[in-house]
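Hello,

Here is the structure I promised to pass on to you. Have a look at it first, and then read on for what I found.

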Amino acid sequence: MNTINTIHNFRTWRKEITGSLGFVPTMGSLHDGHLSLVAEANKLCTHTVVSIYLNPAQFTPDEDLATYPQNLKHDLKVLSQFQINTIFIPTDSEMYPRGYSTYMQETQLSTVLEGRSRPLFFQGVATVVAKFFNIVRPTHAFFGEKDAQQCLVIEKMVSDLNIRTGILKVPTVRDADGLAVSSRNLNLSKSERDSATIIYKSLFLARKLHSEGIKNANFIKKAMSELIRSVPFTKQDYISISEPSNLKELDLIECDALVSVAVFVGKTRLIDNIYLNSTD
């Protein structure tokens, strides 16, 4: 497989590429969720580019950048089963050279949920994605629905800045017990991994209560919170039931809704979500 480490060399390679180009941005430590994005890019586009870059701009000093799993050898091995034209693996000095001082800020969708808990997160995400879009010039970019808020922020940025890249969302990939696959799952002990299944169970509970006719969002959130607290090692960060298009919190669920959770399991912070359909 072709790997490129510099922006200059990537742009030289990109000049020769015609037709649709699907782009899958990753932070490495690839799992089945990432691979589902690559498979979708292979299916829909003539060419596929994957980036592997652990973006420091989306972490604050007290977050888990230093412990975020990294295994480039593993990543290159699992990617070898796909038709990938180039893997872009830039360095920090390539993406944020000395004197770098320009950052992208979305000011509405990024201020709630993850944005409230992690104030610099979406600034870092929007900045690195905008840079990648400018470097890679993809016709399509692929993101996982597990990061629903991130998808909304990126879609808004693309719309507001007239970026000519189609954003395609791919359903969340889950282990057999329902836990959404995540690179951070590797940081869980066996006991913590067992407790982490309560996250999906709480989301499933929300769907069950909604299907039984309960529309009171606070009632559902309270039931979810009690369930999460019922197992060891868990600490709830937030539970949200909001409008999927703008993340405004709902009191009564009278339309489609996005149920989002963030939970610490031990020291590892995990997020997940499901959609509730108004027809359910």
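Contact here means heavy atoms within 4.5 Å. This is a predicted model, in which local features need pLDDT of at least 70, side-chain atom pairs count only at pLDDT 80 or more, and totals for chains, interfaces and linings use all residues. Residues are numbered from 1 along each chain as its sequence is written, and side-chain values use heavy atoms, with hydrogens and water left out.

Let me start with Arg 207, which sits in helix 9 (residues 198-211); helices (H or I, at least four residues) and strands (E, at least two) are DSSP runs, numbered from the N terminus. Apart from neighbours within four places in sequence, Arg 207 contacts Ile 274, Tyr 275 and Leu 276. Its relative accessible area is 33%, so Arg 207 is partly exposed; buried means under 20%, exposed over 50%, and partly exposed in between (1.4 Å probe, protein chains only). Between the C-alpha atoms of Arg 207 and Arg 184, 23 residues apart along the chain, there are 25 Å.

Two strands pair if DSSP finds at least two bridges between them. In this pairing, Ser 260 stands opposite Asn 273. The two strands make a hairpin with two residues between them, and Gly 266 in the turn has a positive phi of about 65°. Strand 8 also pairs with strand 7 (residues 234-242), again in the antiparallel sense, over eight bridges, with Lys 235 opposite Phe 264. Strand 8 (residues 257-265) is largely enclosed by the rest of the structure, because eight of its nine residues are buried.

Lys 146 counts as buried, at 16% relative accessibility. Its contacts, leaving aside neighbours within four places in sequence, are Thr 172, Ala 180, Val 181, Ser 182, Ile 271, Asp 272 and Asn 273.

Then there is the open sheet: six strands in the order 1-4-3-2-5-6, with parallel pairing. Strand 1 (3-4) and strand 6 (166-170) are the edges, each pairing on one side only. Further in, strand 2 (residues 21-26) and strand 3 (residues 47-52) are joined by six bridges, and Pro 25 has Ser 51 as its bridge partner in strand 3. Packed on this sheet is helix 6 (residues 121-136), which touches strands 2, 3, 4 (86-88), 5 (140-144) and 6, and whose direction makes about 145° with that of strand 2. Angles run from 0 to 180 degrees between N-to-C directions, and axes are lines fitted to C-alpha atoms, for helices over the stretch in contact. Helix 7 (residues 148-160) lies across strand 5 and strand 6, at about 170° to strand 6.

How do helix 1 (residues 7-14) and helix 6 meet, and at roughly what angle do their axes cross? The axes come within 9 Å and cross at roughly 45°. Ile 7, Phe 10, Arg 11 and Arg 14 of helix 1 meet Asn 134, Ile 135 and Val 136 of helix 6.

Finally, the cysteines: there are zero disulfides (pairs of cysteine sulfur atoms within 2.5 Å). The sulfur of Cys 45 has its closest cysteine sulfur in Cys 151, 16 Å away, which is too far for a bond. Cys 45 counts as buried at 9% relative accessibility, and so does Cys 151 at 1%.

Best wishes
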